[in-house]
Amino acid sequence: MRKKVGSMMEQKLQSKQEGFETVLLAVGEADSLDVDQFAAEAIDAAKPSDATVVLLHVFTEDEYDEARANLKIDANSEMQSPDAVARHHTPTRELANRLDESGVEYEIRGAVGARGDEIVDFAEESGAERVLISGRSRSPTRKAMFGSTAQKVLLSSPCPVTFIRADVA
């Protein structure tokens, strides 16, 4: 005997109840990010279950120092934390604006270190149910030389990962 499946409305309600609480959106540099596409994916993932989107910008040491210098942040200032620097970084602000416009709750976090490791660690610590990452396609040689943040996250994440190709029109 076949078990009866509930109505479409019951299925949607159950899906909402089993939805995400936290979606981690790993923010990269502006040149590798299609803000509109990335924001749309985050909104689609978060809105049905009223999940919070965490915008995580991971800086290398050099990028962090450069961002602080560009923002004219004193090394002794309270504004020098990775979270504060991330809040003032252009790609993060643009994504936050899109989430604001759509009514999706979010928080902005920053980290300094190896991108792949920091993203995976933050996903574990925050209990994220989904990670969204963006990137460009690369030649096999370039990937072998420089490594791949996306590959690290895809293989090590504690939750499902959605990769959004930035170079697809």
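## Helix packing and nonpolar cores in a predicted chain

The chain has eight helices and five strands; helices (H or I, at least four residues) and strands (E, at least two) are DSSP runs, numbered from the N terminus. This is a predicted model, in which local features need pLDDT of at least 70, side-chain atom pairs count only at pLDDT 80 or more, and totals for chains, interfaces and linings use all residues. Residues are numbered from 1 along each chain as its sequence is written, and side-chain values use heavy atoms, with hydrogens and water left out.

From the N terminus on, the order of elements is α-β-α-β-α-α-α-β-α-β-α-α-β. Of the chain's 169 residues, 36% count as buried. Buried means under 20% relative accessible area, exposed over 50%, and partly exposed in between (1.4 Å probe, protein chains only). Contact means heavy atoms within 4.5 Å. Among contacts between residues at least 6 apart in sequence, 79% join residues at least 24 apart.

### Two helix pairs

The table lists two pairs of helices. Axes are lines fitted to C-alpha atoms, for helices over the stretch in contact, and angles run from 0 to 180 degrees between N-to-C directions.

| Helix pair | Axes come within | Crossing angle |
|---|---|---|
| α2 (residues 35-46) and α5 (residues 90-102) | 10 Å | roughly 45 degrees |
| α6 (residues 115-126) and α8 (residues 149-156) | 8 Å | roughly 30 degrees |

Angles under 35 degrees count as roughly parallel, over 145 as roughly antiparallel, 65 to 115 as roughly perpendicular and the rest as oblique. With axes crossing at roughly 45 degrees, α2 is therefore oblique to α5. The crossing of α2 and α5 is right-handed; a crossing is right-handed if the near helix is turned clockwise from the far one by less than a right angle, and left-handed if anticlockwise. On the α2 side, V35, D36, F38, A39, A42 and I43 make the contact, and on the α5 side E94, L95, R98, L99 and S102 do. By class, this contact of α2 with α5 has seven nonpolar, one polar and three charged residues. Here Ala, Val, Leu, Ile, Met, Phe, Trp, Tyr, Cys and Pro count as nonpolar, Asp, Glu, Lys and Arg as charged, and the others, Gly among them, as polar.

For the other pair, the axes cross at roughly 30 degrees, so α6 is roughly parallel to α8. The crossing of α6 and α8 is also right-handed. R115, G116, D117, I119, V120 and E124 of α6 meet T149, K152, V153 and S156 of α8. The contact of α6 with α8 divides into three nonpolar, three polar and four charged residues.

### Nonpolar cores

In soluble globular proteins, nonpolar side chains tend to be buried together. A nonpolar core is a set of buried Ala, Val, Leu, Ile, Met, Phe, Trp, Tyr and Cys residues joined through side-chain atoms within 4.5 Å. The largest nonpolar core has 26 residues, of which V23, L25, V53, L55, L95, L99 and L132 touch the most other members. Elements giving two or more residues to this core are β1 (22-27), α2, β2 (52-59), α3 (61-70), α4 (82-87) and α5. The most come from α2, with seven residues. Leaving aside neighbours within four places in sequence, L99 is in contact with A42, I43, V53, L55, V104 and Y106.

### Two single residues

T22 lies in strand β1 and counts as buried because its relative accessibility is 15%. D50, in the loop between α2 and β2, counts as exposed because its relative accessibility is 60%. The C-alpha atoms of D50 and F20 are separated by 7.8 Å, although the two residues are 30 apart along the chain.
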